[in-house]
Amino acid sequence: MNKTELTLNETIKLMDSVLEDLNMGDTDEIDLVVAIANGGTFFGRYLADKIKKPLEIVRIQFYTSDDKISELPIHVDVDVEKLKGKKILLVDDIVDTGRTVEYFKKLTGLRQAEDFMLVSLHWCQGSVVSPNYFGTQKQ
């Protein structure tokens with residue numbers, strides 16, 4: 001994974017850009033913001049505060065401590081019951097392979113178009129999923 005390093009001000013500008021696009025849609029129908037930890041936590045908190053929705057944090061971790069990708073998640077913490085029947089805004093910092101989102105869908109039974117919208121600061125074109133809203137697109 002190629003890391004993108006941004007200053008705090010650059011990150012906030014990028015989050016505001018995504019928020020502006022998101023606000024052009026209907027945020028009233030969103031019941032819950034779900035942030036994928038660790039990377040999506042700050043962005044998820046920011047969006048939840050801005051659109052005045054509750055925040056739930058989940059953990060689905062494929063990366064090891066030395067930034068290698070594990071075949072199976074090395075840590076999963078998702079309370080599926082809290083997500084049932086909710087229209088969700090799923091937030092992550094980067095959608096690179098899409099494996100985390102695919103695992104989330106498998107674990108929860110939720111579908112992107114019907115049950116949740118995906119938002120990310122960065123989206124890699126080779127990903128198996130596409131965010132509904134994103135800040136930057138990477139090769």
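Which residues are linked with Arg111 in a network of salt bridges? Select Arg111, Glu114 and Asp115: these three make up the network. Keep in mind that this is a predicted model.

**Stop 1: the network**

Zoom in on arginine 111 and aspartate 115. Their side chains meet in a salt bridge, 3.6 Å from N to O. Now colour by accessibility. Arginine 111 is partly exposed, at 48% relative accessibility. Aspartate 115 is buried, at 17%.

**Stop 2: two bridges within helices**

The whole structure holds 6 salt bridges. Go to helix α2 and pick aspartate 49 and arginine 45, which lie 4 residues apart, about one turn of the helix. Their side chains form a salt bridge of 3.0 Å, N to O. Aspartate 49 is partly exposed, with a relative accessible area of 46%. Arginine 45 is partly exposed too, with 39%.

Move on to helix α4. Here glutamate 102 bridges to lysine 105, with the closest N and O atoms 2.8 Å apart. The two are 3 residues apart, so about one helical turn separates them. Glutamate 102 is partly exposed at 32% relative accessibility, and lysine 105 is partly exposed at 21%.

**Stop 3**

Threonine 100 is buried, with a relative accessible area of 17%. Show its contacts beyond four places in sequence: Ile36, Ile60, Phe62 and Asp92.

Next, select the aromatic rings. The structure has 2 aromatic pairs. One of them joins phenylalanine 104 and phenylalanine 116, edge-to-face, 5.7 Å centre to centre with 90° between the planes. Phenylalanine 104 sits in α4 (residues 99-108) and phenylalanine 116 in strand β5, so the pair ties together parts 12 residues apart in sequence. Phenylalanine 104 is buried at 0% relative accessibility. Phenylalanine 116 is buried as well, also at 0%.

**Stop 4**

Finish at helix α1, residues 8-23. Its 16 residues reach 22 Å from first C-alpha to last, close to the 22 Å expected at 1.5 Å a residue. Which residues of α1 are buried? Select Thr11, Leu14, Met15, Val18, Leu19 and Leu22. They cover an arc of only 140° around the axis, which puts them on the same side of α1.

Show what lies against that side. The buried residues of α1 pack against α2 (40-51), β4 (88-95), β5 (116-124) and β6 (133-138).

Note on methods
Residues numbered from 1 in each chain as written. Predicted model: local features only at pLDDT ≥ 70, side-chain atom pairs only at ≥ 80, totals over all residues. Heavy atoms only, no water. Expected span 1.5 Å × (residues − 1). Buried < 20%, exposed > 50% of the residue type's maximum accessible area, 1.4 Å probe, protein only. Arc of directions from axis to C-beta. Contact = heavy atoms within 4.5 Å. Phe/Tyr/Trp six-rings, centres within 6.5 Å; stacked < 30°, edge-to-face > 60°. Salt bridge = Lys/Arg side-chain N within 4 Å of Asp/Glu carboxyl O.
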